[in-house]
Amino acid sequence: MGLQSTRKRMLNRSTRWVSPPPEASERVQRDREGDPLPRRPLRPFKDQPKRKKIILGLQAFFPILDWGRRYDLTKFKGDLVAGLTIASLCIPQDIGYAKLAKLPPENGLYSSFVPPLVYAAMGSSRDIAIGPVAVVSLLLGTLLQNEIDPDKYPVEYKRLAFTATFFAGLTQATLGLLRLGFVIEFLSHSAIVGFMGGAAITIALQQLKGLLGIKNFTKNTDIISVMRSVWGSVHHGWNWQTILIGTSFLAFLLLAKYIGKKNKRFFWVPAIAPLISVILATFFVYITHANNKGVQIVNKIETGINPSSAGEIYFTGSYTGKGFKIGIVAGLVALTEAVAIGRTFAAMKDYQLDGNKEMVALGTMNIVGSLTSCYVATGSFSRSAVNYMAGCQTAVSNMIMSLVVLLTLEVITPLFKYTPNAILSSIIISAVIGLIDIDAALLIWKIDKLDFMACLGAFFGVVFVSVEIGLLIAVIISFAKILLQVTRPRTAVLGNLPGTTIYRNVDQYPEATRVPGVMIVRVDSAIYFSNSNYVKDRILRWLTDEQEKLEENQLPKIEFVIVEMSPVINIDTSGIHALEDLYKGLQKRGVQTYRLLMRSGAAGSCEPGEPVMEKLHASRFIELIGHDKIFLTAGEAVLTCTPKLATDV
């Protein structure tokens, strides 16, 4: 009697769904999506006077208006030290990264002046340091030079770079405004690890040109072309003075990095080492006139702040479409890196990062940057790490860095004239080494072999073909993994844990025993058109294999099949048709002796069984198999089966 009443209550609840309070529903939705941000961004504006709504609206787009009211001298001290520290790191890096993007060095400095100011006003991260980064610079340079030769047409090349930056910012801002941040999640962590590692190798190989003093160097980025170019010029293209400068300072930079890694108190050593290297190398070249002996130098860097480039962006013509495509790719990669960095440091300091606001902030700063002679800027992991360890408190550290770059552009840039390219190559090599995360790759191998294949595919695609092909492979493998998991959901045969009414996967729990005459199968996924036939065939295949084993050992045949559906969060019409076919197939095999017993989720606001049960009722599937075939737990279903088995025997 108790079992029947429980079943009735469960069936009644499936048809008379009572919604939980809005707050509870919202909380459950956030938990399921893993998003700590509010689902209703307009909620704070409700029932507020017009003046308050205006203030809230401004604070939503410019968070500095909110946290700026609580800013004090104590926070400024931390931001001042952090800003000066990351400025010493960013100046030499910016010059090198601009060369990586095939742009004049001043454009790299421009990109660390205007974008950080915009981000400081609009961004929600306290720790991220904004500016050009190695991977995006390489990607942008590779894609742009496929369209325009930067040596023959430098003006057109720069215009296309500004166009790509504009559309990169537009893409980022649009994703944020439309709350479509999930798009960047399609690049899996394993694919990103492989792509970043491959990009680091490619960037380092590209720097052999400056490190060895080679003048005629391949424009291809794959390892075979680069090594052929390097060894092809060994007898007539290498310059020993350049090699001496480059390797000496590379060793110094790596030593500084080692010191900072071994003792966190000396974080400032690797931060200021690049600037010290530039000063010493520039002074050495100046007093020895090494530039007259084949040592390649930076030469002139334009003095002054960012000139306007609004009139140089291609809004019409064939280059508009090319800039649009390049901008989307560069913008998404830059966005992925920035959001990952922001989330990392937000978790370390235990505060929330509004992903959509981040996208709007990053997009706006790149749109403004494209109008002021900047190329794509994003969050730099190395600079953000230094910013964090230097004690930054707010985004004011970005403002301090920006002001130092302004001072550099106005006063100091003529002093970089004799800076050797070799030292810039050394700085870039030392910076990108950190992108090769061997520990992460080994962990991926231990956890998931398919993930490791994605990691290797992206890595080898970048190293042996090109950056864009490596990125394409990373995206394809990430999508392929999603499709594989959707079309081949996990299913498991369950057994009883001795002494309990609990049923678990027999592969995961060897002590779990199968119930004689009963096969219990759990489906661990929603059942959609893409996987419904697989689920049905999988259950029938298991039944066939199990039946053959039982016949060989002369054991009782299977009389009942229980499908454990509590993990099934949703089902569509194809899934219901597949269940109907499964039920009919079981009937044909057992001539009325087989039964399809299904479990519904327990009642409650979060249980997945309720929407599934509603659809099963609407499709009349429940009537097909009978109401007496629905159970609250697998244990109840087994208890219903076993007395019948005993009677039959």
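Mentor: Two strands pair if DSSP finds at least two bridges between them; strands are DSSP runs of E of at least two residues, and helices runs of H or I of at least four, numbered from the N terminus. This model is predicted, so local features need pLDDT of at least 70 and side-chain atom pairs 80 or more, while totals for chains, interfaces and linings use all residues. Residues are numbered from 1 along each chain as its sequence is written, and side-chain values use heavy atoms, without hydrogens and water.

Trainee: In which sense do strand β3 and β5 pair, and over how many bridges?

Mentor: Strand β3 (residues 491-496) pairs with β5 in the antiparallel sense, over four bridges. A492 has R522 of β5 as its bridge partner. Strand β6 (residues 560-564) runs parallel to β5, joined by five bridges; there, V518 is partnered by F560.

Trainee: Are the faces of β5 covered or open?

Mentor: Buried means under 20% relative accessible area (1.4 Å probe, protein chains only). Both faces are covered, with V518, I520 and R522 buried on one side and M519, V521 and V523 on the other.

Trainee: How is helix packing described?

Mentor: Two packed helices are described by the angle between their axes and the distance between the axes. Axes are lines fitted to C-alpha atoms over the stretch in contact, with angles from 0 to 180 degrees between N-to-C directions. Helix α9 (residues 154-177) and helix α16 (residues 355-370) have axes that come within 7 Å and cross at roughly 160°. Angles over 145 degrees count as roughly antiparallel, and α9 and α16 are therefore roughly antiparallel to each other.

Key
Angles under 35 degrees count as roughly parallel, over 145 as roughly antiparallel, 65 to 115 as roughly perpendicular and the rest as oblique. Buried means under 20% relative accessible area, exposed over 50%, partly exposed in between (1.4 Å probe, protein chains only).
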